[in-house]
Amino acid sequence: VQLQASGGGLVQAGGSLTLSCAASRRIFSINTMAWYRQAPGKQRELVAAITNGGTTNYADSVKGRFTISRDNSKNTVYLQMNSLKPEDTAVYYCNALPVWEAYWGQGTQVTVSS
C-alpha cells in the first residue's frame, strides 16, 4: 500500500499550489501525517507535519507560506503552498511521522520557475 500525492505542477514564482494525499485509514487514523520533499541532488526533508489533533509544525524554510491540514473523515492530508519560490522545486511526498517505509509513493513534482 502506498501513499499517492497529487496536485503538483509547474508554477511561476509567487504562485500557489495545493497538494493532496489520500491515505488508508490504517495509517491515517493513528499517526501524525507529514509532507516531505526531495530536490535533485539533495536528501529528502520534512516540510510540514500535523498531528491527529491538528497541531502543526513546519520547516523554517516554508513557515508563513505553506499550510498543512487534514480531513480525518476523508483520510486526506493537504499542503497549501503560497508564495512559491524556485527553491521549493522538488518531488513532494506524504507519509506518516515517523515514516512508514513501505508506504512511500512516487510523489508529485512541483516545479517553480523564476
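Let's start with strand 4, residues 32–38, which is mostly covered: five of its seven residues are buried. Buried here means under 20% relative accessible area, with exposed being over 50% and partly exposed in between, using a 1.4 Å probe and protein chains only. A strand is a DSSP run of E with at least two residues, a helix is a run of H or I with at least four, and both are numbered from the N terminus. Keep in mind that this is a predicted model, where local features need pLDDT of at least 70 and side-chain atom pairs count only at pLDDT 80 or more, while totals for chains, interfaces and linings use all residues. Residues are numbered from 1 along each chain as its sequence is written, and side-chain values use heavy atoms, leaving out hydrogens and water.

So who sits beside strand 4? Two strands pair if DSSP finds at least two bridges between them. Strand 4 runs antiparallel to strand 9, and seven bridges join them; Tyr36, for instance, has Tyr93 in strand 9 as its bridge partner. Strand 4 is also antiparallel to strand 5 (residues 45–50), this time with five bridges, and here Ala34 stands opposite Ala49. Strands 4 and 5 make a hairpin with six residues between them, and Gly41 in the turn has a positive phi of about 75°.

Six strands make an open, mixed sheet in the order 2-10-9-4-5-6. Strand 2 (9–12) and strand 6 (56–58) are at the edges with a single partner strand each, so one side of each has no neighbour in the sheet. Further along, strand 9 (residues 90–97) and strand 10 (residues 108–113) run antiparallel and are joined by three bridges, with Tyr92 opposite Thr108 in strand 10.

What about the whole protein chain? It has one helix and ten strands, and from the N terminus on the elements go β-β-β-α-β-β-β-β-β-β-β. Buried residues make up 43% of its 114 residues. Along its principal axes, the C-alpha trace spans about 40 × 25 × 20 Å.

Finally, look for the residues that line the largest pocket: they include Arg37, Lys42, Glu45, Arg65 and Asp88. A pocket is an open set of points on a 1 Å grid over the protein atoms alone, where a 1.4 Å probe fits, with protein on both sides within 12 Å along at least five of seven lines; lining residues have an atom within 4 Å of a point.
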